[in-house]
Amino acid sequence: MSAATLSPAAPAPTDQDIQGYLATGLRNRWWPILPSRFVEAAGKPVGIVRLGEKLVVWRDAAGVAHVQTDRCPHRSVALSRGVNEGDRLRCIYHGIDIGKDGTVLSVPGQPGCALEGKKAVKTFPAVEVAGAIFVWFGDELHLEPAPFIAPEQLDSDEFSSFLCYADWNASWRYVYDNLMDPMHGTFLHAKSHSMANGDIKAVFATKDHENGFLFEKVGQRDVNFDWSDLIDQSVMFVRLEIPYPKTGGPGGNFGIVAISTPIDDTNSANFFFRFRKLSGWQRDTWRFLYKTVLEPRHWAVLEQDRELMDGCGLGLEKGEMLYQHDAGLIRLRRYLAQQARGQLTDLLKAGKTWPGRA
Ligand SMILES: [Fe+2]
């Protein structure tokens, strides 16, 4: 082939592009943004930041949750400072009415002006499952959402769950690193109610599956925090299980579906759905025990994680000297970079850009 017939090289994202993009999350996923109970029907709109984007979350008079860009198209001020009229938001600044689909319904100061009728506010697809509002964050090539597939443990009568929610001053990526590191249970949580047992030494193995990979101790199961499963299907989450001591009452292992939603590059909104596979009287017993006895113990464990990560900023990777137990988080980081590289390559090919592009 002569040089003249060579097509120009396909545009490729740089490592800096990839890391910058990942700082505020991976797109083309459903992410939980808030516990459902934080947003009241026909109540005050709630302003939050997720994946680096300012959002307003409000619930109409029928109880349906709506998520939109938190910016009035008139003067760019926060719609979350406005009024929930039951079927629309009214901007506090000049009374502009914004409908559920982002259309400007009325401009009371100048009826008939060109702004009226324009779909000027981005509206995000949203669903509610297991007490949380999930939102589709698509890139420019995926504005239409992929089907929402809930983690099985949150959407089946065979399981019972409680949502534990906490904002942390830590990057979402470090929270996932922590989740893909079962060995810290043996040390950091050694004095907890559920992680006092098992060998303090271990060898780990990784097993790929259709939607992610399992990282597990070789030769120890159902003793301590012995495995983590990264599942990236519609929602990206980590599932893990830890056996309960007798104080946990009857029923199966205690499990967690964990999702750390980026707020910005150094803050995350963390959703820990604590679940158990049980039904009937066992379910009722656990739910009672959880509320009366177990919940503070679980919070104490989670605080141990939060305290380690709180305020750690960015760049931990630069000083790390990892060993075999860290193969799970190494694999995770590589996986996230691959996913981001794929998204950015497609965007570049299509001549599109992305939020925060340098
Ligand atoms: Fe932990």
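**Figure 1. Aromatic pairs across the predicted model.** A search of the whole structure finds 18 aromatic pairs, where rings of Phe, Tyr and Trp (its six-membered ring) pair if their centres lie within 6.5 Å, with planes under 30 degrees apart counted as stacked, over 60 as edge-to-face and the rest as tilted. Because the model is predicted, local features need pLDDT of at least 70 and side-chain atom pairs count only at pLDDT 80 or more, while totals for chains, interfaces and linings use all residues. Residues are numbered from 1 along each chain as its sequence is written, and side-chain values use heavy atoms, with hydrogens and water left out.

**Figure 2. The tilted pair of Phe 124 and Phe 137.** The ring centres are 5.6 Å apart, with 55° between the planes. Phe 124 belongs to strand E9 (residues 123-124) and Phe 137 to strand E11 (residues 132-137), so the pair ties together parts that are 13 residues apart in sequence; strands (E, at least two residues) and helices (H or I, at least four) are DSSP runs, numbered from the N terminus. Both Phe 124 and Phe 137 are buried, that is, under 20% relative accessible area with a 1.4 Å probe and protein chains only.

**Figure 3. The edge-to-face pair of Phe 162 and Trp 286.** Phe 162 and Trp 286 are both buried.

**Figure 4. The charged end of Arg 287 over the ring of Phe 162.** The charged end sits 4.0 Å from the ring centre, the criterion being NZ of Lys or CZ of Arg within 6 Å of the ring centre and within 35 degrees of the ring normal.

Note on methods
Buried means under 20% relative accessible area, exposed over 50%, partly exposed in between (1.4 Å probe, protein chains only).
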